[in-house]
Amino acid sequence: MTAFDRSWFHRPVLDVAHDLVGCTLAHGETAGVIVETEAYHYTEAACHAYVGITERTRVIWGPPGRAYVYRSYGIHALVNVVCEPDGVGAAVLIRALVPTEGVEVMRMRRGPVPDAQLCNGPGKLTQALGIGLELNDTDLVGGPIELRPAAEPFEVVRSAPRIGISKAVDLDWRFTAAGHRGVSRPYPKTAGSSPPGRTPT
DNA sequence: GTATGGATCTTCT
DNA sequence: GAAGATCCATACA
């Protein structure tokens, strides 16, 4: 068995986000080990599903074990793993991978960057793996995107506040592989200030 | 090495 | 009309 059973995704989003660290995400001839995830649930404001079911968020509310791919800031595709039962809005954002297969292909897609930077960001890993919006709402069980269980479970992962959001920032729903830096992005200098990348006018 | 601001466009109010 | 789960180039120490 090289893929998860669908029931694996039929669990609390925090459990899935935790267990997803160390697993392998594969698409085509490229693959990488997940080293950073973030959990999102419709009960908190940072989740897209928080607003309810719309044309955009429909997938999150759908059956578990599917991929929710959406466009962020107009230019990046981000991939999420839908989990929890059908009718519950919950998903896990894949934030960072360590390339393991098809590294040459990744380099071609990503350009001349250090290997450490091939997949160290949610928008970068989708580009490296060739995952686009056309893969939104595709199956992770027997679909084009494959998810493989961890060869050996990561013993320690730590939870920390999520990044790049402005709501529900106090929830420690980010999971990073122990001993790995994951996405090397500095936190906002002062807690409670505006998030990076946007300056209010 | 670290900090700041712009690019870009879809979705929702 | 405004906000957003980002990335990259540039400026400065």
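Against which elements do the buried residues of α4 pack? They pack against β1 (24-27), β2, β4, β5 and α3 (103-110). This is a predicted model, in which local features need pLDDT of at least 70 and side-chain atom pairs count only at pLDDT 80 or more, while totals for chains, interfaces and linings use all residues. Residues are numbered from 1 along each chain as its sequence is written, chains are lettered from A and ligands numbered from 1 in the order in which they are written, and side-chain values use heavy atoms, with hydrogens and water left out.

**Overall architecture**

- Chain A has four helices and eight strands; helices (H or I, at least four residues) and strands (E, at least two) are DSSP runs, numbered from the N terminus.
- Read from the N terminus, the elements of chain A follow the order α-β-β-α-β-β-β-α-α-β-β-β.
- Of the 201 residues of chain A, 47% count as buried; buried means under 20% relative accessible area, exposed over 50%, and partly exposed in between (1.4 Å probe, protein chains only).
- Among contacts in chain A between residues at least 6 apart in sequence, 61% link residues at least 24 apart; contact means heavy atoms within 4.5 Å.

**Strand pairing**

- Strands β2 and β5 pair in the antiparallel sense over 10 bridges, and Gly32 has Pro99 in β5 as its bridge partner; two strands pair if DSSP finds at least two bridges between them.
- Strands β4 and β5 run antiparallel and are joined by three bridges, with Val92 in β5 as the bridge partner of Val81.
- Strand β8 (residues 174-177) is joined to β7 (residues 157-160) by four bridges, and the two run antiparallel.
- Strand β8 also pairs with β2 (residues 30-41) in the antiparallel sense, over three bridges.
- Within β8, Phe175 stands opposite Ser159 and is also the bridge partner of Thr37.
- Arg174 and Thr176 point one way from β8, Phe175 and Ala177 point the other way, and all are buried.

**Nonpolar cores**

- The largest nonpolar core has 40 residues, of which Leu20, Leu25, Ile94 and Leu147 touch the most other members; such a core is a set of buried Ala, Val, Leu, Ile, Met, Phe, Trp, Tyr and Cys residues joined through side-chain atoms within 4.5 Å.
- The elements that give two or more residues to this core are α1 (13-20), β2, β3 (67-72), β4 (76-82), β5 (90-101), α4 (122-129), β6 (145-148) and β8.
- Strand β5 gives the most to this core, with five residues.
- Another core, of 14 residues, lies apart from it and includes Ala49, Tyr70, Leu93 and Ile165.

- The buried residues of α4 are Pro122, Gly123, Leu125, Thr126, Ala128 and Leu129.
- Gly130 follows α4 and has a positive phi, near 75°.
- Asn120 is found in the loop between α3 and α4 and is buried, with a relative accessible area of 12%.
- The side chains of Asn120 and Lys124 are joined by a polar contact of 3.1 Å; a polar contact is a pair of N or O atoms within 3.5 Å, and within protein one must be able to donate a hydrogen and the other to accept it, while residues adjacent in sequence count only if both atoms are side-chain atoms.

**Surface near DNA strand C**

- Of the 26 residues around DNA strand C, His76, Asn80, Gly123, Gly164 and Ile165 come nearest; a residue is near a molecule or strand if one of its heavy atoms lies within 4 Å of it.
- Elements β3, β4, β5 and α4 each supply at least two residues of this surface.
- The residues of this surface divide into 10 nonpolar, 10 polar and six charged; Ala, Val, Leu, Ile, Met, Phe, Trp, Tyr, Cys and Pro count as nonpolar, Asp, Glu, Lys and Arg as charged, and the others, Gly among them, as polar.
- A polar side-chain atom of His76 lies 2.9 Å from a sugar or linking oxygen of DNA strand C.
- An N or O atom in the side chain of Asn80 is 2.4 Å from a base nitrogen of DNA strand C.
- An N or O atom in the side chain of Arg110 is 3.3 Å from a phosphate oxygen of DNA strand C.
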